[in-house]
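Hi,

Here is the structure I promised to send over. Have a look at it first, and then read on for my notes.

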Amino acid sequence: MNDNTGKEETRPPVNRPARLSTYFALGGVALLMSFLTLYGWVFPQFTFTGAVVCGLFAVVAGHVGRLRRRRDGRGMALLGIVSGWLVLLTCATLTTVVLIVFGGLAALMDRP
């Protein structure tokens with residue numbers, strides 16, 4: 001309560017799921033980008049799993065943020081949804097490439 005005017009100060013509403021979706025999307029992108037450093041190659045299972053989890057949380061929180069009635073944060077929610085899907089698409093593509101490479105190597109080593 002403000003002492004001078006007697007009115008309560010109102011804060012603008014915050015769309016927390018939209019903000020969370022953006023944070024999770026950035027976390028997923030950062031985890032995928034860590035494959036450019038040594039950490040991503042030393043602990044690939046944690047890095048890859050973390051990117052998938054961040055992508056899933058970004059998509060879910062982004063959809064919750066878009067369903068909110070408030071207008072603020074809808075762009076952030078959309079950014080979280082798109083970035084989350086791109087992270088998941090990248091992870092699916094990397095998984096497919098790794099399986100094809102290891103499958104090809106196994107087929108080559110099986111031949112006499």
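A word on helices before anything else: a helix here is a DSSP run of H or I with at least four residues, numbered from the N terminus. Also keep in mind that this is a predicted model.

With that settled, let me start at C54, which sits in helix α3 (residues 44–67). Is C54 buried or exposed? Its relative accessible area is 14%, and the cut-off for buried is under 20%, so C54 counts as buried. Leaving aside residues up to four places away in sequence, C54 touches F24, G27, G28 and L31. Take F24: it is 30 residues from C54 along the sequence, yet the two C-alpha atoms are 5.0 Å apart in space.

Next, how α3 sits against α4. Their axes come within 7 Å and cross at roughly 150°. Angles over 145 degrees count as roughly antiparallel, so that is what α3 is to α4. The crossing is left-handed. On the α3 side the contact is made by F48, A51, V52, G55, L56, A58, V59, G62, H63, G65 and R66, and on the α4 side by R74, A77, L78, G80, I81, G84, W85, V87, L88, C91, L94 and T95. By type, that contact has 14 nonpolar residues, seven polar and two charged.

Helix α4 (residues 74–110) also packs on helix α1 (residues 16–33), at an angle of about 30° and with the axes 8 Å apart. Under 35 degrees counts as roughly parallel, so α1 gets that label relative to α4. Here too α1 passes α4 in a left-handed crossing. From α1 the contact takes in A18, R19, S21, T22, A25, G28, V29 and L32; α4 brings M76, A77, L79, G80, S83, G84, V87, T90, C91 and L94. Sorted by type, the α1 contact with α4 comes to ten nonpolar residues, seven polar and one charged.

Last, the aromatics. How many aromatic pairs does the structure hold? There are four. One of them is F35 with W41: the ring centres are 5.4 Å apart and the planes stand at 65°, so the pair is edge-to-face. F35 is buried, at a relative accessible area of 16%, whereas W41 is exposed, at 60%. Y39, F43 and F46 form one aromatic cluster.

Cheers

Conventions:
Residues numbered from 1 in each chain as written. Predicted model: local features only at pLDDT ≥ 70, side-chain atom pairs only at ≥ 80, totals over all residues. Heavy atoms only, no water. Axes fitted to C-alpha atoms, helices over the stretch in contact; angles between N-to-C directions. Helix = DSSP H or I, 4+ residues; strand = E, 2+ residues; numbered from the N terminus. Parallel < 35°, antiparallel > 145°, perpendicular 65-115°, else oblique. Left-handed = near helix turned anticlockwise from the far one by under 90°. Contact = heavy atoms within 4.5 Å. Nonpolar A, V, L, I, M, F, W, Y, C, P; charged D, E, K, R; others polar. Phe/Tyr/Trp six-rings, centres within 6.5 Å; stacked < 30°, edge-to-face > 60°. Buried < 20%, exposed > 50% of the residue type's maximum accessible area, 1.4 Å probe, protein only.
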